[in-house]
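Hello,

Here is the structure for you to look through. My notes follow below it.

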Amino acid sequence: MDELLHDRFRRLERIEAPDLWNEAVGRAAEMELARRRTFTPTMALIAFGLLLAALAGTIAVGTWLDRETPSPVRVEYENGWLTAKAGCGVVGIDPTSFESRELVSGDSDCELPEFASFDSVAWSADGRWLAYLEPALTSPQTSESSAIWLYDAEDGEARPVGTCPGYCGAIDISPDGSLLSFGIGDGIAVKEIEGGAQHELEVIGLSSSPTFSPDGRQLLFTVSGGQTGVHVVDVAEVMQGVATGPTLVGRIVAAWDPIWSPDGTWIAFGQESAIRDPQSGTAYCCSDTTTSLWVVHPDGTGARQLTPTDLAQPIRPPTWSPDSTSIAFLSAGDTEESVALWSVGIDGGPATRIYESGCCVDDLRSPAWSPDGAWISFGVHLNGRPDESGTVLIRPDGSDAQMASTQVFDPVWQAIPAD
C-alpha cells in the first residue's frame, strides 16, 4: 500500500501545474493579432482616403514646382541696380550693360519745386524695399507736403505709405524695411510702414535728415545752433516717446553730411570752423573757414581728422567703402570750375585723387560706392560739354572711367544681402 501511494505521488510530481495567467495573456494577444490582420471595410475606406491624399499632394507639389515665380530685381545683377530719382519717377541702371529701366513711372505733368530736393532714394539692407519721396504740389513751384512711397523690387510695385508735412528732406528706410525716418519742421520722425504709426522727436536746429545705423538701432543727424554738431538717438526711445534728447558725439562745431560706416563702428562727416545757417548757408563767425573730413565712433570716442585743412573742402556727402576702411568724397579740383574725386583711409595717410573733371562744372551729385567695392559712381554736369556729363562709374584706383548714363543722377546702389 505504501509503495502504491509513493508511486502515485511520483507521477503527480512529474505533472506541471498550468500557468493560467500567462496562458490568458497569450491567447488575448493572439486574438488581437488576428483582428489586426483582418482587412475590414472600414480599413479599406481609410486606405482609399490615404491614397487620394497622396495623389493630391503629388499633384500639388508638381504644380508648385512648375509655377512661374517672380524674378526678384535684387538678384538680376550681381552688383545690384544703380538707382536714382528721375523727376517724379525712379530709374534703375544695369551697372554692366548700362541699360536703364524705369522702375517707377513719374507723372509727366510733375514739376518739382525749385527749393526742394526730391532726388534721394534709400534701399533696405536686403535690397528689396526702396523708399522715396514725391512732392504733393499745390502749384508748379510749391509743395505743402511730401508723399512717401515704397517700391518692392520683387514684384515691381510701388505704393504710397503716408505723407510728411512741408519739406521733409531726404528719406531713409531701416535695414529690415519696417521703419522710415525723415526730417520734419521741428524735429525728426520715425514711421512704421505696417500700421502707419508715426513717432516724432523735437530737435531744435535740425540740419540734416536722420539716417538709420546699419543695425537699425540708432538715428544719425546734425544740428546747427545750440548743440551744434553730430548727434545720435536710439530709435526705440523715439518710438516709445521716452527719448531724453539726442546725444552729441561730434564736437560743437559746424558739421555736415554725416554718414554711417557699413559696419556701424564709425561716423564720417564734414567739419567746418564756422557755424552756418542750415537754410541760407551764411556763416555766423569766422571769416577764414575751412572744412575737413572727420570720423568718430558712435559713442563719441576716437574722433580724428582725415583730410588736411589745405585740401579743398568736401562737396556733397562722402561714401564709405563696403569694408568700412576707406571714404571717397568730392571736392573742388585744381581750378575753381573743376571737381575732383578723392579717397582716404580711416587709418591715416594722404588722400588719393581718383578723378578730376574738366572745367565748367555747374552740377554735381553725391558719390556712391558699389556693394562689391569695385566701382564708385557720381553725377557731374560740365557746362557745354555733354560728352563729359552724366553719371560716371570709375574704379577706386582711378582706372576704367565710364559714363553709365548721359543723365546727371544722384546715384544710390541697391543693397546686396550678405550670403
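**The sheet E12 to E15**

Strands E12-E13-E14-E15, in that order, make up an open sheet of four strands with antiparallel pairing. The edges are strand E12 (211-212) and strand E15 (247-248). Each has a single partner strand, so one side of each has no neighbour in the sheet. Please keep in mind that this is a predicted model.

Inside the sheet, E13 covers residues 218-223. E13 and E14 run antiparallel and are joined by six bridges.

**Histidine 231**

Strand E14 spans residues 229-234 and includes histidine 231. Is histidine 231 buried or exposed? Its relative accessible area is 2%, so histidine 231 is buried, the cut-off being under 20%. The side chain of histidine 231 reaches the backbone oxygen of glycine 229, at 3.2 Å.

What does histidine 231 touch, leaving aside neighbours within four places in sequence? Its contacts are Leu219, Leu220, Phe221, Val223, Pro246, Thr247, Leu248 and Val249. Among them, Leu219, Leu220, Phe221 and Val223 fall in the range of strand E13 (residues 218-223). Thr247 and Leu248 belong to the edge strand E15 (247-248).

**Aromatic rings**

I searched the whole structure for aromatic pairs, and there are two. One of them is tyrosine 132 with tryptophan 149. The ring centres are 6.4 Å apart and the planes stand at 20°, so this pair is stacked; the limit for stacking is under 30 degrees. Tyrosine 132 is in strand E5 (residues 129-139), and tryptophan 149 is in strand E6 (residues 142-152). The pair therefore ties together parts 17 residues apart in sequence.

The two partners also have their own accessibility values. Tyrosine 132 is buried, at 0% relative accessible area. Tryptophan 149 has 22% relative accessibility and counts as partly exposed.

The charged end of arginine 395 sits over the ring of tryptophan 375, 3.7 Å from the ring centre.

**The chain as a whole**

The protein chain has four helices and 29 strands. It has 419 residues, and 40% of them count as buried. Among contacts with a separation of 6 or more, 43% are between residues 24 or more positions apart.

Best regards

Definitions and conventions. Residues are numbered from 1 along each chain as its sequence is written. This is a predicted model: local features need pLDDT of at least 70, side-chain atom pairs count only at pLDDT 80 or more; totals for chains, interfaces and linings use all residues. Side-chain values use heavy atoms; hydrogens and water are left out. Helices (H or I, at least four residues) and strands (E, at least two) are DSSP runs, numbered from the N terminus. Buried means under 20% relative accessible area, exposed over 50%, partly exposed in between (1.4 Å probe, protein chains only). A polar contact is a pair of N or O atoms within 3.5 Å; within protein, one must be able to donate a hydrogen and the other to accept it, and residues adjacent in sequence count only if both atoms are side-chain atoms. Contact means heavy atoms within 4.5 Å. Rings of Phe, Tyr and Trp (its six-membered ring) pair if their centres lie within 6.5 Å; planes under 30 degrees apart count as stacked, over 60 as edge-to-face and the rest as tilted. A charge sits over a ring if NZ of Lys or CZ of Arg is within 6 Å of the ring centre and within 35 degrees of the ring normal. Two strands pair if DSSP finds at least two bridges between them.
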